[in-house]
Every structure is written in C-alpha cells, then in structure tokens.
Amino acid sequence: MNAQDLRGKTPDQLREDLTALKKEAFNLRFQQATGQIENTARMRQVKRDTARVLTILNEKAAQAAAE
C-alpha cells in the first residue's frame, strides 16, 4: 500500500481500509500474545499502513476545509 494509491481513493474508501487495518492489527496482537504469530514483520507493516491512511485522511480533510 503506497501513498499514491491511497490519494486516489475517496475518504469513505480510506475509512474502510482503516477499519480493515485496525481489525488486522487486533488479530495480530492476539496471535502474538498466544504465540501463534508467523510473520512478526506484518505487525510493523500494518502500523505503518494505518498511519499512512490516517495521514492521507487528514490531508484530504485539511484540503476540504481550505476550499
């Protein structure tokens, strides 16, 4: 998931992506707590993708407010 792809999406699509990422992060935390996690790097990637989506959402909100 890169920023260029995210900038082409609508705010509603971004919120759906954010919800999916948060659910995945929740599941990964449970897998880590029970020792079942296979790909520990995925946790870091999900955190960064979540931050990226939030950044783009904030940019779009600021842009809408400026207009």
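Visitor: Where is Asp 49 found?

Guide: In this predicted model, Asp 49 is found in helix H3.

Visitor: Why is Asp 49 called buried?

Guide: The relative accessible area of Asp 49 is 6%, and buried means under 20%, so Asp 49 is called buried. Asp 49 is listed among the buried residues of H3, which include Met 43, Val 46 and Thr 50, and the buried residues of this helix pack against helix H1 (3–7) and H2.

Visitor: Which residues does Asp 49 touch, not counting residues up to four places away in sequence?

Guide: With those sequence neighbours set aside, Asp 49 touches Met 1, Leu 21 and Arg 42.

Visitor: What makes the pair of Arg 42 and Glu 24 a salt bridge?

Guide: The N to O distance between the side chains of Arg 42 and Glu 24 is 2.7 Å, and a salt bridge needs a side-chain nitrogen of Lys or Arg within 4 Å of a carboxyl oxygen of Asp or Glu, so the pair counts as a salt bridge. This pair links distant parts of the chain, with Arg 42 in helix H3 (residues 41–66) and Glu 24 in helix H2, 18 residues apart.

Visitor: What separates Arg 15 and Asp 12 in helix H2?

Guide: Arg 15 and Asp 12 are three residues apart in helix H2 (residues 11–34), which means that about one helical turn separates them. Their side chains meet in a salt bridge of 3.0 Å, N to O. Asp 12 has a relative accessible area of 52% and is called exposed because that label applies over 50%, while Arg 15 is partly exposed at 44%.

Visitor: How many salt bridges does a search of the whole structure find?

Guide: The search finds five salt bridges, among them the pair of Arg 42 and Glu 24.

Key: Residues numbered from 1 in each chain as written. Predicted model: local features only at pLDDT ≥ 70, side-chain atom pairs only at ≥ 80, totals over all residues. Heavy atoms only, no water. Helix = DSSP H or I, 4+ residues; strand = E, 2+ residues; numbered from the N terminus. Buried < 20%, exposed > 50% of the residue type's maximum accessible area, 1.4 Å probe, protein only. Contact = heavy atoms within 4.5 Å.
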